[in-house]
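Dear colleague,

Here is the structure I promised to pass on. My notes follow below it.

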Amino acid sequence: MSAFIAVVLVCANSVPQEACTDDRASEVRKVRVANELGCTSGWQEIIARTDLRDEVGKTIYLKTECRRVKEAQ
């Protein structure tokens, strides 16, 4: 059985989108979700509750990814 991890990468505007990875991001937030649809919702509210909200689009941008992980059997 597979599960998914929703990942939000916070990158400086100076970092090209293709280079915005876990290693280059200034912050990485991950949460386990039940399915791929779970990767598309909820993270906006989490970011909106942080100080990051004022910098999105000005000095930083967000990149979201949905990663499949294997469940231990």
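The largest pocket is lined by Ala-6, Val-8, Arg-29, Lys-30, Val-31, Val-33, Gly-38, Ser-41, Gly-42, Trp-43, Ile-46 and Ile-47. Pockets were found on a 1 Å grid over the protein atoms alone: a pocket is an open set of points where a 1.4 Å probe fits, with protein on both sides within 12 Å along at least five of seven lines, and lining residues have an atom within 4 Å of a point. E1, strand E2 (27-33) and H1 each give two or more residues to this lining. The largest share, four residues, comes from E2. Strands (E, at least two residues) and helices (H or I, at least four) are DSSP runs, numbered from the N terminus. By type, the lining divides into seven nonpolar, three polar and two charged residues. Here Ala, Val, Leu, Ile, Met, Phe, Trp, Tyr, Cys and Pro count as nonpolar, Asp, Glu, Lys and Arg as charged, and the others, Gly among them, as polar. The space in the pocket is about 160 Å³. That volume is the space filled by probe spheres set on the points, with grid points joined across faces, edges and corners.

A caution on the source. This is a predicted model, so local features need pLDDT of at least 70 and side-chain atom pairs count only at pLDDT 80 or more, while totals for chains, interfaces and linings use all residues. Residues are numbered from 1 along each chain as its sequence is written, and side-chain values use heavy atoms, with hydrogens and water left out.

Now the overall fold. The protein has one helix and three strands, in the order β-β-α-β along the sequence. Its C-alpha atoms fill a box of roughly 45 × 25 × 15 Å along the principal axes. Of the 73 residues, 30% are buried (under 20% relative accessible area; exposed is over 50%, partly exposed in between; 1.4 Å probe, protein chains only). Among contacts (heavy atoms within 4.5 Å) between residues at least 6 apart in sequence, 71% join residues at least 24 apart.

Next, the cores. A nonpolar core is a set of buried Ala, Val, Leu, Ile, Met, Phe, Trp, Tyr and Cys residues joined through side-chain atoms within 4.5 Å. The largest one has nine residues: Ile-5, Val-7, Leu-9, Cys-11, Val-15, Ala-19, Cys-20, Ala-25 and Tyr-61. Strand E1 (residues 2-12) gives the most to this core, four residues. A second, separate core has five residues, including Val-8, Val-10, Leu-52 and Ile-60. Leaving aside neighbours within four places in sequence, Leu-9 has contacts that include Cys-20, Ala-25, Val-28, Tyr-61 and Leu-62.

Thr-50 sits in the loop between helix H1 (43-48) and strand E3 (60-70). Thr-50 counts as buried because its relative accessible area is 15%. A polar atom of the Thr-50 side chain lies 3.2 Å from the backbone nitrogen of Leu-52.

Val-56 is in the loop between H1 and E3. At 34% relative accessible area, Val-56 is partly exposed. Beyond four places in sequence, Val-56 touches Ile-47 and Leu-62.

Thr-64 belongs to strand E3. Thr-64 is partly exposed, at 38%. Not counting residues up to four places away, Thr-64 touches Val-7, Val-8 and Trp-43.

Best wishes

Notes. A polar contact is a pair of N or O atoms within 3.5 Å; within protein, one must be able to donate a hydrogen and the other to accept it, and residues adjacent in sequence count only if both atoms are side-chain atoms.
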